Amino acid sequence: MKKKIISPTLTLIIMVLTIWISFSKLLVPNIIIIATTIFLLFLSKYWNKLLIFIFLPLLPAIGSAWAIIVHSSNYKYALLIFTRTYSFAALGLILATYISLVELLKYFEQHGLSSNIVYGLLVVIQALPRIQYETQMITKSSRLRGIFLPFWSPYYYAKAIFIALTWQPQISEAMTIHAYEDFKARTHYNKYTIDKIKSLFIIVLFSILLILLLIINK
């Protein structure tokens with residue numbers, strides 16, 4: 001069964017944007033990225049992620065801008081660094097929210113990436129909810145005993161390692177049952193391909209926007 005996806009295209013555009021804003025001295029792209037992210041989160045009704053996006057990068061952004069103002073009094077460059085910090089956070093949030101990492105990994109595995117790397121990462125992704133549940137149980141049990149554990153407590157990391165060690169034989173057995181062997185060719189029920197029409201539309205739209213930004217800058 002063929003499944004058409006646009007995750008590789010979106011990932012490529014996000015990588016290009018990340019590299020571009022890292023070296024660009026234009027303020028407009030940062031503002032567009034921030035505004036687009038807020039619009040998408042608002043449209044999708046991801047209120048918690050919207051609040052995280054607004055407040056989490058605030059302190060690093062203010063700190064970076066303030067350091068520039070103190071040392072050089074260059075307010076324009078300080079504003080650029082402030083918006084760039086938010087742009088990096090925006091691109092990361094878009095990548096985590098709107099792109100399926102599982103689909104992306106399976107696509108790369110079907111197009112040459114090592115199966116060992118892909119399935120290793122998939123195991124980690126599948127284990128995250130279980131690790132999160134176990135850490136929540138540790139927090140609740142410690143509070144019942146009147147003990148507050150900060151997020152850097154070694155108990156959490158020890159529990160995560162213990163879960164990984166416990167799951168390792170089960171995961172190996174499950175992969176053996178599903179006929180997984182190292183360095184062997186595999187067949188796939190779902191064959192992931194790039195949706196060419198949507199990808200072309202996204203690339204053309206991105207190119208037009210890029211050209212407009214360059215014209216505005218001139």
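Let's start with Thr-83, which touches Leu-27, Asn-30 and Ile-34 once residues up to four places away in sequence are left aside. This is a predicted model, by the way. Thr-83 sits in helix α5, which runs over residues 75-98. Is Thr-83 buried or exposed? Its relative accessible area is 9%, so with the cut-off for buried at under 20%, Thr-83 counts as buried. Its side chain also has a partner: a polar contact of 3.2 Å joins it to the side chain of Asn-30.

Now zoom out. The protein splits into two parts, domain 1 (2-99 + 192-217) and domain 2 (104-178). Seven residues from domain 1 and five residues from domain 2 make up the contact between them. Here is how that pairing looks in numbers.

| Domain 1 and domain 2 | Value |
|---|---|
| Distance between C-alpha centres | 30 Å |
| Area buried between them | about 530 Å² |
| Salt bridges between them | zero |
| Residue pairs in polar contact across the interface | one (both at pLDDT 80 or more) |

As for the buried area, carbon and sulfur atoms give 71% of it.

That brings us to α1 itself. This helix covers residues 7-23, 17 residues in total, and spans 25 Å from its first C-alpha to its last, close to the expected 24 Å. Which residues of α1 are buried? They are Ser-7, Pro-8, Thr-9, Thr-11, Ile-13, Ile-14, Leu-17 and Ile-21.

Note on methods: Residues numbered from 1 in each chain as written. Predicted model: local features only at pLDDT ≥ 70, side-chain atom pairs only at ≥ 80, totals over all residues. Heavy atoms only, no water. Helix = DSSP H or I, 4+ residues; strand = E, 2+ residues; numbered from the N terminus. Expected span 1.5 Å × (residues − 1). Buried < 20%, exposed > 50% of the residue type's maximum accessible area, 1.4 Å probe, protein only. Domains from an automatic or database assignment. Contact = heavy atoms within 4.5 Å. Buried area = accessible area lost by both parts, 1.4 Å probe. Salt bridge = Lys/Arg side-chain N within 4 Å of Asp/Glu carboxyl O. Polar contact = N/O pair within 3.5 Å; in protein donor to acceptor, adjacent residues only side chain to side chain.
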